[in-house]
Amino acid sequence: MPRNEQLSLGAFIHPAGHHVAAWRHPQVAPDPLDIQQYIQIAKTAERACFDMLFFADSLAVFDSVEAHKMARSNYFEPVTLLASLAAVTQHIGLIATATTSYNQPYHIARQFASLDHLSGGRAGWNLVTSDAANEAANFNRHQHFSHQERYLRAAEFYRVVEGLWNSWEDDAFIYDKASGQTYRPEKMHPLHHRGDYFQVSGPLNIARSPQGKPVVVQAGSSEAGKALAAKTADLVFTAQSDLKKAKEFYQDVRQRLSACQRPENSLKIMPGVLLVTGQSRQEAEEKYQQFQQLVQPEVGIALLGRMLGNFDLSGYPQDQPLPELPLSDSGQQSRQALLRGIAASENLTLAELGLRIAGGRGHHTVIGTAQQIADELQCWFEEYAADGFNIMVPHLPAGLDDIARTVIPELQRRGLFRKSYQGKTLRSHLGLTPPPFHPPFESQ
């Protein structure tokens, strides 16, 4: 069936870039806290008409003996960063990751409502459950939440946040100087939530979001993650390594929407994709190999252990296959399954697998000319494997500059992507309808 809509594109920004060795590349500036570089990146993405900037986050230093060899220990808290970028951009959406495992719903509801007001309706919350087990020690816990408990907590967390975002009707605040009345009391709706994990009275102390509520992103691809996404998400960010599996994931999530009484067009599915481009495929491959040659084997293996679910693989032989590991109860079970599948299908040793994921961490990787990259993205889009993509580049800002200069114009030439913004909010960029006000649930 032909697709009438256009692609959605996010720019997934990681300090230095997504390749684990990006910080060692001569084109990468050494300071990950240079706000001027983030401003440059944001303006580049906005000129290219990206739907959004997307920032991941972690609440602990990378837990590995090789951490001092990785650029994973020094970066901004993303909501604070996006608040500053809101002031220097006008159109692009601003999505930050915030975990439900080590936050409180009231704080998250207030932060993202504030960001939505500051940006004029461009905020989004990437709802995640922490997969880094060492975060627990920073939040008064001796042990990380189990996989099941993380998702039970996340489901209740979201219900509380959504309820708080509906604390006020759209016309509640009137600031009538003649009567001395700031708001209509009948249009205020406290929450009075009493649940298994949270007790929150409300109301939220900020008016309803310009978008109705900030865009909600869900990044889990396990069974629990897909169930949560079908109930809560406007956008799903997923790691898919090939077209067949991506199509299966797409259909699976779409089918879950009807069970949640949601229309099919109420959610976008956007896999991550690492892009490396050049004037020829050979030039693009040579660019990528420059990064691969900078990867120390022990660093790739440490990254692999983290992505598999917080395992220490340093004692295993580097030239042997991936060892049998138990199902991770603390990490991303979907990512663990994906990486196991890559190792088995490509018959990789431990060191080879670490090198294999050094750039995209299991996300699909496309290396080639602008035309070849556009062919691949168009194929996934037209085959209903994706509604768009969260674009990753190996290094910043040069990698994003390459995409904006070559790939985006090629997608525009094919009519697959916008040439200018048509709306003012992130929801309008994504083609999502603003949710109407509804009084928050009241649970005892």
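Visitor: How many cavities of 30 Å³ or more does a search of the whole structure find?
Guide: The search finds 3 cavities of that size. Keep in mind that this is a predicted model.

Visitor: How much space lies in the largest cavity?
Guide: About 60 Å³.

Visitor: Which residues line the largest cavity?
Guide: Among them are Leu 275, Val 276 and Thr 277, along with Lys 287, Phe 291, His 395 and Asp 402. The elements giving two or more residues to this lining are β11 (268-277), α7 (281-292) and α12 (398-413).

Visitor: And how do the lining residues divide into nonpolar, polar and charged?
Guide: The lining has 6 nonpolar, 3 polar and 2 charged residues.

Visitor: Switching to β11. How many of its residues are buried?
Guide: 10 of the 10 are buried, so β11 is largely enclosed by the rest of the structure.

Visitor: Which residues point which way from β11?
Guide: Lys 268, Met 270, Gly 272, Leu 274 and Val 276 point one way. Ile 269, Pro 271, Val 273, Leu 275 and Thr 277 point the other way. In a regular strand, side chains alternate between the two faces of the sheet.

Visitor: Which strand pairs with β11 over 5 bridges?
Guide: That is β12 (residues 364-368), in the parallel sense. Within this pairing, Leu 274 has Thr 365 as its bridge partner. β13 (residues 388-392) also pairs with β11 in the parallel sense, over 3 bridges, and there Val 273 is partnered with Ile 391.

Visitor: What about β10?
Guide: β10 (residues 235-238) runs parallel to β11, joined by 4 bridges. Leu 235 stands opposite Lys 268. With helix α6 (residues 243-259), the two strands make a right-handed β-α-β unit.

How values were computed: Residues are numbered from 1 along each chain as its sequence is written. This is a predicted model: local features need pLDDT of at least 70, side-chain atom pairs count only at pLDDT 80 or more; totals for chains, interfaces and linings use all residues. Side-chain values use heavy atoms; hydrogens and water are left out. On a 1 Å grid over the protein atoms alone, a cavity is a set of points where a 1.4 Å probe fits but cannot get out, and a pocket is an open set with protein on both sides within 12 Å along at least five of seven lines; lining residues have an atom within 4 Å of a point. Grid points are joined across faces, edges and corners, and a volume is the space filled by probe spheres set on the points. Ala, Val, Leu, Ile, Met, Phe, Trp, Tyr, Cys and Pro count as nonpolar, Asp, Glu, Lys and Arg as charged, and the others, Gly among them, as polar. Buried means under 20% relative accessible area, exposed over 50%, partly exposed in between (1.4 Å probe, protein chains only). Two strands pair if DSSP finds at least two bridges between them. A crossover is right-handed if, with the strands pointing away from the viewer, the path from the first strand over the helix to the second runs clockwise.
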